[in-house]
Amino acid sequence: MASILQSSVGLLRSRLSRRIVSSVFLSIVVIEVIIFIPSFVRRYREKLSDLQDVSTEVLFTAKATAMLNADLETVLQLIQQSLKPGSVILGANLCAADGTLIDTFGEPPTIDCAAVPEGQAVKRLTEGRRRYDVAWPSDRLSGEYILVVRHDASGVIHEMWQYALAIAGLVLIISAFVTLVTIVVLEQILIIPVLRLRDDLQQAGEAVSQDQPPQFQTQAIHRQDELGEVSRAFCQMFDRVHQEICDRKQAEQALKAEQAKSEKLLLNILPDTIAEQLKQEVGAIASRFDEATILFADIVDFTGLSAQVAPGELVNILNEIFSTFDCIADGLSLEKIKTIGDAYMVVGGLPEPRPDHAQAILEMAIQMLDAIQSFKRHDGTPFRLRIGINTGPVIAGVIGIKKFSYDLWGDAVNIASRMESHGVIDRIQISESTYRHVQEQYQFEDRGCIDIKGRGSMHTYLFKGRHGEHCSTMG
């Protein structure tokens, strides 16, 4: 019993439990009060009726005296003499049939004899219900007299207060007992399952995104009522939400992986700054650079090789060579622009300007000549390069909406291409503008003026080596 009370009191911490308990308790109290009111009124009337029975005895005494033709003045005296000690009768009026007062004793009643109708007793509570007056009509006294009796009703009020308090205590005891029974029953069939469901809902909010779902308390509920249906619906809903979140997380991970691939591919095609600009802007992207250095390199007699080997092998050889060149460009922080067939184009000084663009491009050319020696033809001879370099203003950017690439435009680009096409095998030919940037760090062979297609006569130089190194003319 103690454990039941302890558990029930503990449940009162729940707002739902307190609401149910208070509703049940108040409902029982209201029902008992509704039942008690008619009982109280009926008992009160019975008590007043008991007072009226006492006055009936007085009526009989007066009636007997009148029948004996006694002196009227002695009627009320006989009535007073017949009253017992502590009687509830406090006084009386005796009147003639026409309402004329004949005699009186004690506290005078407030009922007027002249207002008493024939054949009907008149009853009245006065002085805060502490006095109860009863008037008997003349037909009760041989048609000659009217008798009005005053009663002390204060004892009735006291008894009714005691009765009300006793009933109120009984109502409270019954209400408390029924409420306790209700709590014990609701504890098992409603409150505890609801509290478990609440705890599971709180746990579900924290565990919905976890890979392994928790074991809910409501999964152990096997009931065939509405609460069991709610518990099963909750578990099913959580399973669906958890599965959808897991599927969404997988989709997001797959999307992030694809975005990373797309980002990597985009950065492989375009410089970082241009890629970010392209993601934010719509339309052509172009910037002018007052000075940049462009390198063109061409594999000598690669077209003739394409007729001697299979296409797949040819592509693999070209891929290995250009991949090596790409690594050299990355190491020198240079920007590869494109490959056209067996031609390779790289630039220094953009998209981020740098003061040593010409030196970096020349270092690129030197390392390319060294790297090409490790690639051999079928006859064992190494591949050979022809490299041309020029420095000047260019426009760089991205145009179009399909298959776009970062490219260069300007006369400086055309001159760099001519430096390569009019160059010497296994040598690096630079223009005069490039020479002015690198002449302090490197040694060159003055080739003099040569006729450049579409440009006329131009002064060019062939790289010999770095200052301080033993130089020998290559080729």
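Ser 333 is exposed in this predicted model, with a relative accessible area of 58%. Although Ser 333 is not a glycine, its phi is positive, at about 60°. The residue belongs to the loop that runs between α8 (311-331) and β7 (335-340).

Asp 426 likewise is not a glycine and has a positive phi, here of about 65°. Its loop lies between α10 (411-421) and β11 (428-431). With a relative accessible area of 14%, Asp 426 falls under the 20% limit and is therefore buried. Most residues other than glycine have a negative phi, and most peptide bonds are trans.

| Residue | Phi | Relative accessible area |
|---|---|---|
| Ser 333 | about 60° | 58% |
| Asp 426 | about 65° | 14% |

A cis peptide bond, with omega of about 0°, links Leu 350 to Pro 351. Pro 351 is placed in the loop between β8 (343-348) and α9 (357-372).

The chain contains 11 helices and 13 strands. An open sheet is formed by 5 strands with antiparallel pairing, in the order β2-β1-β5-β4-β3. Its edge strands, β2 (101-106) and β3 (122-126), each pair on one side only. On average, neighbouring strands of this sheet are turned by 15° against each other, direction ignored. Within the sheet, β1 (residues 89-96) and β5 (residues 145-152) pair in the antiparallel sense over 7 bridges. Ala 96 stands opposite Tyr 145 of β5.

Of the 475 residues in the chain, 39% are buried. The accessible surface of the chain is about 27,100 Å², and carbon and sulfur atoms contribute 55% of it. Among contacts with a separation of 6 or more, 63% involve residues 24 or more positions apart.

Note on methods. Residues are numbered from 1 along each chain as its sequence is written. This is a predicted model: local features need pLDDT of at least 70, side-chain atom pairs count only at pLDDT 80 or more; totals for chains, interfaces and linings use all residues. Side-chain values use heavy atoms; hydrogens and water are left out. Helices (H or I, at least four residues) and strands (E, at least two) are DSSP runs, numbered from the N terminus. Buried means under 20% relative accessible area, exposed over 50%, partly exposed in between (1.4 Å probe, protein chains only). Contact means heavy atoms within 4.5 Å. Accessible areas come from the Shrake-Rupley method with a 1.4 Å probe; for residues, only the protein chains shown count as cover. Two strands pair if DSSP finds at least two bridges between them. Axes are lines fitted to C-alpha atoms, for helices over the stretch in contact, and angles run from 0 to 180 degrees between N-to-C directions.
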